[in-house]
Amino acid sequence: MGDNFEAGTLPEATNFIEQIINEDIATGKLRPEQVQTRFPPEPNGYLHIGHAKSMFVNFGTAAKYGGKCNLFFDDTNPSKEKTEFVDAIRADIRWLGYEWARECYASDFFTPIYEYAEQLIQTGKAFVCDLSAEEIKNTRGTLTEPGVESPYRNRTVEENLKLFREMRAGKYADGEKCLRAKIDMASPNVNMRDPVIYRILHASHHRTGDAWCIYPMYDYAHPICDYLQGVTHSLCTLEFEDHRPLYDWVGQTLGFSPKPRQIEFARLNITNTVMSKRYLKKLVEEGKVHGWDDPRMPTLSGLRNRGIPAAAVRDFCSRIGIAKAQSECEYSYFEACVREYLNAHAERAMGIVDPLPLTVVNHEGEEELDFDKNPTDEGAGVRKVTFGKHLFIERSDFSLDPPPKYFRLKKDGVVRLKNAYIVRCEGWNTDAAGNVTEVLCSYIPESRSGSDTSGVKAKGVIQWVNADACVPAEVRKYESLLRDAEYGGQDFSERMNENSEHIFLGCAEPYLAEAAEGAPFQLLRTGYYKTCREKGGLVLSEIVSLKDNFNKK
RNA sequence: UGGGGUGUAGCCAAGCGGUAAGGCACCGGAUUUUGAUUCCGGCAUUUCGUAAGUUCGAAUCUUGCCACCCCAGCCA
């Protein structure tokens, strides 16, 4: 990781963030290896693919300059945060393939953050306010009108200090008082209208327990934590642009040098994919999914369980770019990255989801055939596959009433059994209801893969497994995904495509299957998948419905 | 109606005064023992939200206008 560049030269900037950093380096503010970032999740849920972009930006930028990136848990609100989430976050970062220089928490800095608050009070830059939350709201003004100053704004330093210490000592109830920065109630930027920087919260913190009953607000704590960690460039998403003046105010007022610099970029959005922790949490809590790592979830652990390689996620992040324009990627872009990676790296296996017995009437005994594990990679090697008289093929690969351009097995037709022989349909058996229960075929001995001298042309190639030697597999079936705007109402439903029947959380790959032993493998039948999607535009939750849908037309 | 941002193809996105990169998607065609892959070709040329202006020359500079996003938590 990290591009190499000669000492004294700057790496080529590939996005606006790197341009800014290059300028900072060029103007002597810092040396490349001093670049430091941080990935700052709040431990109140699992990481999702949107976080993957943030990690790519933060870890990637630091690596590019030979600098460092910390893992920083933003745990300033004990009412929402849990240790379970910090463990899961750590695991997901490692799975994605990133390593942090240092792991720290906002709570590590509670003491200095508190001391800085006293410093603000001493210098007359903060005051204890007795207004209720409601009153503060009512005096903040509106977007077009200035706010009015708190009647407590001009308390003496001594009184403020006394009150603040009493707040810390637990003398007051939640919401009874708060500490506010003294900035400008008439600022056109609402964030600067004497923002609350400390609130009273008699809640147990997942790390500090009951040591504190006052907790700093994000806007106040973040610049301090950045500074104390040595962060030089604090990369965050666009919605914090309005907060940058406050970020800078804290740094300047407290005399930080060098002062960390906040740079904002657009967060990741993907069509039809819910990227809101709030809704994901709701799905989990209401039991609509099996958990945060349900394969239908856009969480990193969900993607992992879906069989999506971390490298593909990283590749996706690198290809979508980093910019400030609000945007929404098509899901197909992500799929392309996954397919590309899987095609190059995934070992191929034949699998049958809906088995139909096929008997090779003129074949006796068994024989071993070589099967390339990955035809795009010579080094992948081969596996032995046993061919015999009794096979299974996919039910949908045989048709008595084939649609036009049906290349697979049909009445009186031939098809190649992948990597084995060409077979000709000789007949079939049905049950009382007329359903096909068995296909009878003859094989052409001269058509063996790799040494075909038969001269017979088979347009179609289908998968098969040996009925006597195959490993039982189980395709995990999931209920089709959310069907209406039940979750999240309007916001959620707005994410629906006009054409899609289901809202989905991103589950669409047909190559999810799970072996009985629990080892996931991929069925890389992207052809079916594409075809199906073009025809129906449906969101598919598992392989069976995918193939059924394919057969419909 | 205040402030902060953003507008380049269906979707991402380069471009930073010298005559519109690349990827995804899509459309042709070739090869193919995965209808996959691979490969070739096409895909903004009265055009860079729009209207004027500066300039030999503008997506790039100036001005006006339009559209969209974010902000009035003791959330992050």
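**Strand pairing and helix contact**

Reply: Thr359 stands opposite Leu440 in S18. The model is a predicted one.

Me: How many bridges join S10 to strand S18, and are the two strands parallel or antiparallel?

Reply: Strands of a sheet pair through backbone hydrogen bonds, in either a parallel or an antiparallel sense. Strand S18 covers residues 436-443. S10 and S18 are joined by three bridges, and their direction is parallel.

Me: Which residue of S13 does Pro357 stand opposite?

Reply: Strand S10 comprises residues 355-360 and pairs with S13 in the antiparallel sense over five bridges. Within S13, the residue opposite Pro357 is Phe392.

Me: Phe392 also has a residue opposite it in S20; which one is it?

Reply: Strand S13, residues 390-394, pairs with S20 over three bridges in the antiparallel sense. In S20, the residue that Phe392 stands opposite is Val465.

Me: Which strands stand at the edges of the open sheet of seven strands?

Reply: The order of this sheet is S19-S16-S17-S18-S10-S13-S20, and its pairing is mixed. Each edge strand has a single partner strand, so one side of it is left without a neighbour in the sheet. The edge strands are S19 (461-462) and S20 (464-466).

Me: In the open sheet of four strands, by what angle are neighbouring strands turned against each other on average?

Reply: The four strands follow the order S4-S5-S6-S7, with antiparallel pairing. Strand S4 (126-129) and strand S7 (214-216) are the edge strands, each pairing on one side only.

Me: What is the bridge partner of Arg180 in S6?

Reply: Strand S5 (residues 178-181) and strand S6 (residues 196-200) pair in the antiparallel sense over three bridges. The bridge partner of Arg180 in S6 is Val196.

Me: How many nonpolar, polar and charged residues does the contact of H7 with H8 have?

Reply: H7 passes H8 in a right-handed crossing. H7 contributes Asp219, Tyr220, His222, Pro223, Ile224 and Asp226 to the contact, while H8 contributes Leu246, Tyr247 and Val250. By class, these residues are six nonpolar, one polar and two charged.

Key
Residues are numbered from 1 along each chain as its sequence is written. Chains are lettered from A and ligands numbered from 1 in the order in which they are written. This is a predicted model: local features need pLDDT of at least 70, side-chain atom pairs count only at pLDDT 80 or more; totals for chains, interfaces and linings use all residues. Side-chain values use heavy atoms; hydrogens and water are left out. Two strands pair if DSSP finds at least two bridges between them. A crossing is left-handed if the near helix is turned anticlockwise from the far one by less than a right angle, and right-handed if clockwise. Contact means heavy atoms within 4.5 Å. Ala, Val, Leu, Ile, Met, Phe, Trp, Tyr, Cys and Pro count as nonpolar, Asp, Glu, Lys and Arg as charged, and the others, Gly among them, as polar.
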